[in-house]
Amino acid sequence: MTQNEVLEEFRSAGALLEGHFILSSGLHSPVFLQKMFVFQDPARTERVCRALADRIREKFGAVDYVVSPAVGGIVPGYETARHLGAKAIFVERENGAFALRRGFTIPEGARVVMVEDIVTTGLSSRECLASLREHPGTILGAACLIDRSGGKADLGVPLVSLVQLDIPAYAADQLPPDLAAIPAIKPGSRDLKSK
Ligand SMILES: O=P(O)(O)OC[C@H]1O[C@H](OP(=O)(O)OP(=O)(O)O)[C@H](O)[C@@H]1O
Ligand SMILES: O=C(O)c1cc(=O)[nH]c(=O)[nH]1
Ligand SMILES: [Mg+2]
């Protein structure tokens, strides 16, 4: 799939949102990719994740385990693993930090790739990779559907993506006036509190 074809999947799913968004990193942006609008359609998810699996195979060769950070990474991780013939597991937040829970294990010598949905600053990916380093397995690298850092995010391992975009994001005290005028919403799950 070309970058435009992947972006068209997001566009036609209604996943390219404009407004004022607080991102996982705490940065603010006028653009948000609501990947769940893509993932609610299994056929669409299959198309983009098959393409991601092809990219992963070209770059890293055979893969035994795909590991993804919850929540956003779970669906694309599973579907990409299906095309790779790999297992799909995920890390989730335990007292704020990513950890493998539910009895998930990675065997010694397993070839592991981390699959994310979206990379903005790379913070979530780095946190996920750090948690994996406490487990057996060889981390080959990382993959995501959309790298919105314009290639600037440094994960400390090679990253392959289907689309690279350079989307503006601002610190809370450096908002352009037109963005500051719109009420902000935070769509992601980091720091989500339950009652
Ligand atoms: O590269 P970063 O700056 O870390 O931003 C990207 C991360 O933000 C989103 O997750 P979020 O924490 O918003 O929660 P979600 O996975 O539940 O959507 C997305 O799924 C990535 O994990
Ligand atoms: O940085 C994020 O939190 C983020 C950006 C984006 O476009 N989509 C998303 O789900 N998360
Ligand atoms: Mg996420």
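How do the residues of the shell around ligand 1 divide into nonpolar, polar and charged? There are 6 nonpolar, 10 polar and 3 charged residues. Here Ala, Val, Leu, Ile, Met, Phe, Trp, Tyr, Cys and Pro count as nonpolar, Asp, Glu, Lys and Arg as charged, and the others, Gly among them, as polar.

This is a predicted model, in which local features need pLDDT of at least 70, side-chain atom pairs count only at pLDDT 80 or more, and totals for chains, interfaces and linings use all residues. Residues are numbered from 1 along each chain as its sequence is written, while chains are lettered from A and ligands numbered from 1 in the order in which they are written.

Start with the ligands. Ligand 1 is surrounded by 19 residues, and the closest are S24, G72, S124, G188 and S189. A residue is near a molecule if its C-beta atom, placed from the backbone, lies within 6 Å of it. β6 and α5 (123–132) each give at least two residues to this shell. The largest share, 4 residues, comes from β6. Helices (H or I, at least four residues) and strands (E, at least two) are DSSP runs, numbered from the N terminus.

Ligand 2 has L23, S24, S25, F32, L33, K35, G72, I118, T120, R148 and G188 around it. By class, that shell holds 4 nonpolar, 5 polar and 2 charged residues.

Now turn to the helices. Two packed helices are described by the angle between their axes and the distance between the axes. α3 and α4 (residues 74–84) pack at about 60 degrees, with axes 8 Å apart. Axes are lines fitted to C-alpha atoms, for helices over the stretch in contact, and angles run from 0 to 180 degrees between N-to-C directions. The pair is therefore oblique. Angles under 35 degrees count as roughly parallel, over 145 as roughly antiparallel, 65 to 115 as roughly perpendicular and the rest as oblique. On the α3 side, T45, E46, C49, R50, L52, A53, I56 and R57 make the contact; on the α4 side, V75, P76, E79, T80, H83 and L84 do. Contact means that C-beta atoms, placed from the backbone, lie within 7 Å. This contact has 7 nonpolar, 3 polar and 4 charged residues.

Which residues of α4 are buried? They are V75, P76, G77, E79, T80, A81 and L84. A residue is buried if 20 or more other C-beta atoms lie within 10 Å of its own, exposed if 12 or fewer, and partly exposed in between, with C-beta atoms placed from the backbone. Their cover includes α2 (35–39), α3, β3, β4, β6 and β7 (138–147). After α4 comes G85, with a positive phi near 70 degrees.

V63 sits in the loop between α3 (42–60) and β3 (65–69). V63 counts as buried because it has 23 C-beta neighbours inside 10 Å. Leaving out residues up to four places away in sequence, V63 touches I56, L84, A86, R111, V113 and L140. V63 and V113 are 50 residues apart along the chain, yet their C-alpha atoms are separated by 6.8 Å.

Finally, the backbone. Most residues other than glycine have a negative phi, and most peptide bonds are trans. A70 and V71 are joined by a cis peptide bond, with omega about 0 degrees. V71 lies in the loop between β3 and α4. N95, not a glycine, has a positive phi of about 50 degrees. N95 is exposed, because 5 other C-beta atoms lie within 10 Å.

Conventions:
Contact = placed C-beta atoms within 7 Å.
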